[in-house]
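Please consider the sequence and the structure shown below. The paragraphs that follow lead through the fold, its core and its helix contacts in turn.

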Amino acid sequence: MTTPRSESGPRPAYIAPGPAACLWMALAVAAALLIVERTASALALPGLAVSMAVAAYLAGAAGAWAGATAFAAGDHLRRAWILIGCASLALALGRLLWPGELLGLPDTAPTLWLRSGVTVVSNVLNVWGMGLIALTWLRTGLPPPGSRRERIAVGVLLAAVALAVPGPSLVADFRAALRGDPYSGALVLGGACDVAVFLFIAPVFLTARAFAGGSLAWPFGLIAASNLSWLVLDGVELYGSLPGVPPGVGKASTALLRTLACLLLATAGITQRLAVRGGAPDEAPA
Amino acid sequence: MSPSSPTPQELIARRLAEYLGPNTARIAARVCSERATGRAAGPLTRAEQARLLEALLPMLRTLLGKARAEDLLRQLARDLA
């Protein structure tokens with residue numbers, strides 16, 4: 001709860017939910033969306049399942065917009081949030097480009113190309129935005145966060161996972177692209193962007209950890225958690241179809257992780273706004 | 001300033017802790033104080049305090065945006081006054 005006051009006098013008081021409350025709400029919405037998505041899947045209602053995915057992407061874009069509006073034109077993090085929001089919006093647009101998907105119809109070649117193009121644009125915007133977020137600490141001019149040992153351990157661990165998860169499919173797509181399959185070229189670019197975003201998890205996580213106890217820990221921590229969800233989703237897509245894994249588990253997990261990643265991003269944007277615009281009490285610190 | 005009064009760096013760290021957390025706020029106050037005045041801790045003259053606040057601006061502008069950073073610096077100036 002915050003009751004900010006301006007320089008010139010008291011402003012009307014308002015009650016804003018705390019970051020923890022925002023996170024719980026996001027998790028509750030993720031659970032609700034998953035139930036709807038699974039029900040739609042069980043009842044063979046592809047349109048509803050697609051709508052849920054679009055809703056999740058739009059929620060991510062709206063949260064990023066909230067984060068961007070906390071800043072003014074020219075601010076470093078405003079640019080980052082706008083890029084991330086546009087990336088999320090492009091993903092929603094990509095799902096809506098083929099209306100036939102709502103009826104469960106297979107994609108046609110022209111729309112498949114268009115969707116691939118939109119996905120590539122989304123990936124590039126996301127890498128750009130996440131890169132700016134990851135570079136935030138460097139721009140502050142403060143000494144590197146955490147101990148040297150901690151930075152190396154977190155960096156090596158997350159880099160190994162970031163390369164191992166999308167790596168095999170990236171290599172396969174790369175080989176197919178070399179054989180002249182242009183669609184695989186788009187997949188290679190998308191996979192490379194995924195690797196880049198996953199590599200950014202370590203610096204963003206270390207930044208969040210350095211801000212522990214402060215309001216800025218929330219947006220950075222939730223961005224890292226969102227990207228971690230995408231990383232696990234990639235892992236599930238890769239290994240979910242292995243022998244021994246019950247059918248449907250991979251698909252359900254994918255839906256849950258995608259929704260979770262989008263809602264964590266949305267919450268990150270909201271907590272960014274709360275951190276910047278929430279306002280600090282004017283009285284001297286205790 | 002009495003012997004028990006908090007130093008400017010401590011006052012700044014307390015204010016920044018809300019955003020940066022206590023540990024990073026302390027580091028930020030010390031690092032910026034050292035860069036601006038050559039001293040990481042201890043009492044500062046009015047001119048040194050002004051230089052210290054100026055040194056905090058780039059970091060705060062990156063993290064909180066220009067408007068909030070300038071607002072916070074005004075609060076810090078009042079804290080130090």
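Is helix α9 (residues 201-210) of chain A largely enclosed by the rest of the structure or largely exposed, and how many of its residues are buried? In this predicted model, nine of the 10 residues of α9(A) are buried, so the helix is largely enclosed by the rest of the structure. The buried positions are A:Ile201, A:Ala202, A:Pro203, A:Val204, A:Phe205, A:Leu206, A:Thr207, A:Ala208 and A:Ala210.

Chain A contains 11 helices and zero strands, and 44% of its 286 residues are buried. Of the contacts in chain A between residues at least 6 apart in sequence, 74% link residues at least 24 apart.

The next topic is the nonpolar core. The largest such core comprises 102 residues, and the residues with the most contacts inside it are A:Ile201, A:Val204, A:Ala224, A:Leu263, A:Leu264 and B:Leu16. The greatest contribution to this core comes from helix α11 (residues 249-277) of chain A, which supplies 15 residues. For A:Leu264, the neighbours beyond four places away in sequence are A:Ala26, A:Leu222, A:Ala225, A:Ser226 and A:Ser229.

Elsewhere in chain A, helix α7 (residues 167-178) and helix α8 (residues 182-199) have axes that come within 8 Å and cross at roughly 150°. Because angles over 145 degrees count as roughly antiparallel, α7(A) is roughly antiparallel to α8(A). The crossing of α7(A) past α8(A) is left-handed. On the α7(A) side, the contact involves A:Ser169, A:Leu170, A:Asp173, A:Phe174, A:Ala176 and A:Ala177. These meet A:Ser184, A:Gly185, A:Leu187, A:Val188, A:Gly191, A:Ala192 and A:Val195 of α8(A). By class, the contact has eight nonpolar, four polar and one charged residues.

Attention now turns to the partner chain. In the contact between the chains, 25 residues of chain B meet 28 residues of chain A. On the side of chain B that touches chain A, the elements giving two or more residues are α1 (8-20), α2 (22-37), α3 (46-64) and α4 (66-80) of chain B. Of these, α1(B) gives the most, with seven residues. Classified by type, this side of chain B has 13 nonpolar, five polar and seven charged residues.

Within chain B, α1(B) also packs against α4(B), at an angle of about 140° and with the axes 10 Å apart. That angle makes α1(B) oblique to α4(B), and the crossing of the two helices is right-handed. From α1(B), the contact draws on B:Pro8, B:Leu11, B:Ile12 and B:Arg15, while α4(B) provides B:Gln75, B:Leu76, B:Asp79 and B:Leu80. Five nonpolar, one polar and two charged residues make up the contact of α1(B) with α4(B).

One loop position remains to be considered. Is B:Pro43 buried or exposed? B:Pro43 lies in the loop between α2 and α3 of chain B. It has 12 other C-beta atoms within 10 Å and is therefore exposed, the cut-off for that class being 12 or fewer. The C-alpha atom of B:Pro43 is separated by 8.9 Å from that of B:Pro6, although the two residues are 37 residues apart along the chain.

Methods: Residues are numbered from 1 along each chain as its sequence is written. Chains are lettered from A and ligands numbered from 1 in the order in which they are written. This is a predicted model: local features need pLDDT of at least 70, side-chain atom pairs count only at pLDDT 80 or more; totals for chains, interfaces and linings use all residues. A nonpolar core is a set of buried Ala, Val, Leu, Ile, Met, Phe, Trp, Tyr and Cys residues joined through C-beta atoms within 7 Å. A residue is buried if 20 or more other C-beta atoms lie within 10 Å of its own, exposed if 12 or fewer, and partly exposed in between; C-beta atoms are placed from the backbone. Helices (H or I, at least four residues) and strands (E, at least two) are DSSP runs, numbered from the N terminus. Two residues are in contact if their C-beta atoms, placed from the backbone, lie within 7 Å. Ala, Val, Leu, Ile, Met, Phe, Trp, Tyr, Cys and Pro count as nonpolar, Asp, Glu, Lys and Arg as charged, and the others, Gly among them, as polar. Axes are lines fitted to C-alpha atoms, for helices over the stretch in contact, and angles run from 0 to 180 degrees between N-to-C directions. Angles under 35 degrees count as roughly parallel, over 145 as roughly antiparallel, 65 to 115 as roughly perpendicular and the rest as oblique. A crossing is left-handed if the near helix is turned anticlockwise from the far one by less than a right angle, and right-handed if clockwise.
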